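Work through these exercises on charged side-chain pairs. Try each task before reading its solution.

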Amino acid sequence: LLKQINPGVEGLIISESFGTLKSTVLRRLRNILANTYGRKEAARMTRIHDPTGECYLDMGDGVPVFLRSASNPDGFDGLDVGWLVGDEVRHWGEDAFRIAMARVRRKCHRPTRVFGSVPEVGLLSDEFRSGKKGRRLVKAPTMQNARNMAPGYVDGLRVSYSPRMQRAYLDGDFVLLEGAVYDQIPDPFWSSPWVVEDRYVPSRPTQLWADPGYRKSAWLVVQEVKPLEWCVVDEVMGEYMRDWAVVNQLNAAGYEFDQVVVDPAADGTQSAFGIDTLAVLRGLRRRREGKRSVFMLAPPWTDINSGVDKVRVLLGDPAAKIPIRLRVAKHLEAKERGMRHALVRSLQGYRYAEHKGTRLQTQPLKDGVNDHACDALRYGA
């Protein structure tokens, strides 16, 4: 539509990455065009020209519609266009957003910038919910479109997402992420529904969720007690402790692991000591020797906000009728009393930055104390 009402003027389409641009944005655009022009013509109009250089679409008039990735804002800095369409802006960096806004400067009939995204408090709400001149917010909630979705889709989201994420994904509301991250966790904790009388059972599926490091680290021994229910049966919170020392401690305790899940920086965590963390982790006693059992996370599973919400779902919330799927063994109460930093205290102390002025922080604080155990939880979730 923007190309039609701005004839002869270049346009720009940006997605979070080239992968999503080709697999999602262009595929949907091709399907829309096919309804009018037929599939053969739609395929021609959405063929990418000069993919390693200018990277553009020629929809039949010789005027390019440039295609770019928000992960590389240098790729569109300097372009002059009359209109812009941006996809999933919550995944963009602020620099990419500001540069994109400045690219629409060609004189034309209707210079316009259109962005689509799940509504996340922060840059998007500052820009489109603050009454700024020339901005318009259009809500398109999933609930209003449920009849066009696959059967069970909405119910599936309700099971997978916490109440605050349901508000964003299903109702199209901006969600404020401020204060306690896991605000369902009570104080006192050890008499709450999240605590069970349980210990390590060798026959159960066992995982190690780990955030390695030298100054501080977190290692959680987690067992699946029944389908889709887990229990933290032990924890090691390292402080100025090398990875191999933790591995030796876990082996001495007699644990056997089916899977070990670590963060994406684990391959170089203790490079100052010449230690290859992944190689050290392969020294853990594993149930199936020779099988691939040490996993280093990679995108998109490293997304912090998504991981935090998955932990919320695992922790559940009886008040919101969300089942508890992750509990803590009662015997850890005595162990945590003698620890400088511990799992439960981290869950209770994990916070978002204080809201000051108009700028909101959408990711939890990395305070160097509470984030390690919570990161380990996030990798496992």
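**Exercise 1.** In this predicted model, classify the contact between the side chains of Arg 103 and Asp 77, then locate both partners.

Solution.
- Step 1: The N to O distance is 3.8 Å. The cut-off is 4 Å, so the pair counts as a salt bridge.
- Step 2: Arg 103 lies in helix α4 (residues 94-103), and Asp 77 sits in the loop between β4 (64-69) and β5 (83-87). They are 26 residues apart, so the bridge links distant parts of the chain.
- Step 3: Arg 103 has 7% relative accessibility; buried means under 20%, so Arg 103 is buried. Asp 77, at 45%, is partly exposed.

**Exercise 2.** Which strands does the salt bridge between Glu 229 and Arg 327 link?

Solution.
- Step 1: The closest N and O atoms of Glu 229 and Arg 327 are 3.6 Å apart.
- Step 2: Glu 229 belongs to strand β10 (residues 229-236) and Arg 327 to strand β13 (residues 326-329), 98 residues apart.
- Step 3: Glu 229 is partly exposed at 22%. Arg 327 is partly exposed, with 22% relative accessibility.

**Exercise 3.** Is Asp 234, the partner of Lys 335, buried or exposed?

Solution.
- Step 1: Lys 335 and Asp 234 form a salt bridge, with closest N and O atoms 2.6 Å apart.
- Step 2: Lys 335 is in helix α11 (residues 332-337), whereas Asp 234 is in strand β10, 101 residues apart.
- Step 3: Asp 234 is buried, at 10%. Lys 335 is partly exposed, at 33%.

**Exercise 4.** How many salt bridges does the structure hold, and which residues form a network?

Solution.
- Step 1: The count is 22.
- Step 2: Salt bridges connect Glu 94, Arg 98, Glu 127, Lys 132 and Arg 135 in a network.

Notes: Residues numbered from 1 in each chain as written. Predicted model: local features only at pLDDT ≥ 70, side-chain atom pairs only at ≥ 80, totals over all residues. Heavy atoms only, no water. Helix = DSSP H or I, 4+ residues; strand = E, 2+ residues; numbered from the N terminus. Buried < 20%, exposed > 50% of the residue type's maximum accessible area, 1.4 Å probe, protein only.
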